Amino acid sequence: MRSLPGPDKMVAGQLNRRGEQVATETNDALENLEKELVTLARRLRGLQRTLSDEAHPDLEPAQYALLNHVEELAPVRMADLVSALEVDKGPVSRACARLEEEGLLKRAADKSDARATLLTLTANGKRKLAAARKKRHKVIEDLLKDWSPAQVKTFATQVSKFNKLSG
């Protein structure tokens with residue numbers, strides 16, 4: 001009589017004799033991954049709060065994220081920024097107005113479409129964002145100080161691969 005492999009040898013999707021899903025090592029790993037991703041997201045939100053304060057004391061984390069997207073996509077139309085952020089136009093428009101008042105963002109007419117506005121960072125916005133990014137880099141460097149360059153590279157590759165899958 002052939003014996004079934006123990007749980008540590010099973011793979012995801014394997015069925016028992018009655019055709020039911022068998023709890024697997026992979027399921028445990030996925031549960032652990034989900035827990036760790038939630039923890040990572042929480043810590044990244046905290047870091048984003050800290051860095052938004054660094055960029056500008058009155059800056060909210062969502063506005064810091066918006067500045068990062070504008071820098072990455074600039075010059076960017078409001079509609080494209082809204083699409084990239086996957087949020088409603090109203091909050092983005094209000095945030096852009098506030099960032100413009102703070103001297104971190106500027107609007108210019110789109111020469112190819114008079115109805116559209118292009119957003120870019122001001123020189124001050126670029127400086128503030130660069131300072132915050134430098135601080136973010138230092139925080140990450142400190143967190144990974146005990147990792148080898150190969151471990152950091154592997155981690156970066158895996159996070160990049162995951163990000164490409166998820167969006």
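Reader: Why is asparagine 68 called buried?

Author: The term buried means a relative accessible area under 20%, exposed means over 50%, and partly exposed lies in between (1.4 Å probe, protein chains only). Asparagine 68 has a relative accessible area of 14% and is therefore buried. This is a predicted model, in which local features need pLDDT of at least 70 and side-chain atom pairs count only at pLDDT 80 or more, while totals for chains, interfaces and linings use all residues. Residues are numbered from 1 along each chain as its sequence is written, and side-chain values use heavy atoms, with hydrogens and water left out.

Reader: Which residues does asparagine 68 touch, not counting residues up to four places away in sequence?

Author: Contact means heavy atoms within 4.5 Å. Beyond those sequence neighbours, asparagine 68 touches Leu129, Arg133 and Arg136. Asparagine 68 itself lies in helix H2; helices (H or I, at least four residues) and strands (E, at least two) are DSSP runs, numbered from the N terminus.

Reader: How many helices and strands are in the chain?

Author: The chain has six helices and three strands, in the order α-α-β-α-α-β-β-α-α along the sequence. Of its 167 residues, 23% count as buried.

Reader: What makes glutamate 86 count as exposed?

Author: Its relative accessibility is 73%, so glutamate 86 counts as exposed. Glutamate 86 lies in the loop between H3 and H4, and its phi is near 55°, a positive value in a residue other than glycine.

Reader: Which peptide bond is cis, and what is its omega?

Author: The cis bond joins alanine 74 and proline 75, with omega about -10°. Proline 75 is in the loop between H2 and strand S1 (76-77).

Reader: At what angle do H3 and H4 pack, and how far apart are their axes?

Author: Two packed helices are described by the angle between their axes and the distance between the axes. Axes are lines fitted to C-alpha atoms, for helices over the stretch in contact, and angles run from 0 to 180 degrees between N-to-C directions. For H3 and H4 the angle is about 115° and the axes are 10 Å apart. Met78, Leu81, Val82 and Leu85 of H3 meet Lys89, Val92, Ser93 and Cys96 of H4.

Reader: How much space lies in the largest pocket?

Author: About 1800 Å³ lies in the largest pocket. On a 1 Å grid over the protein atoms alone, a pocket is an open set of points where a 1.4 Å probe fits, with protein on both sides within 12 Å along at least five of seven lines, and lining residues have an atom within 4 Å of a point. Grid points are joined across faces, edges and corners, and the volume is the space filled by probe spheres set on the points. The lining has 44 residues, of which Leu40, Ala41, Leu44, Val159 and Asn163 are the closest to the pocket centre. H1 gives the largest share of the lining, twelve residues.
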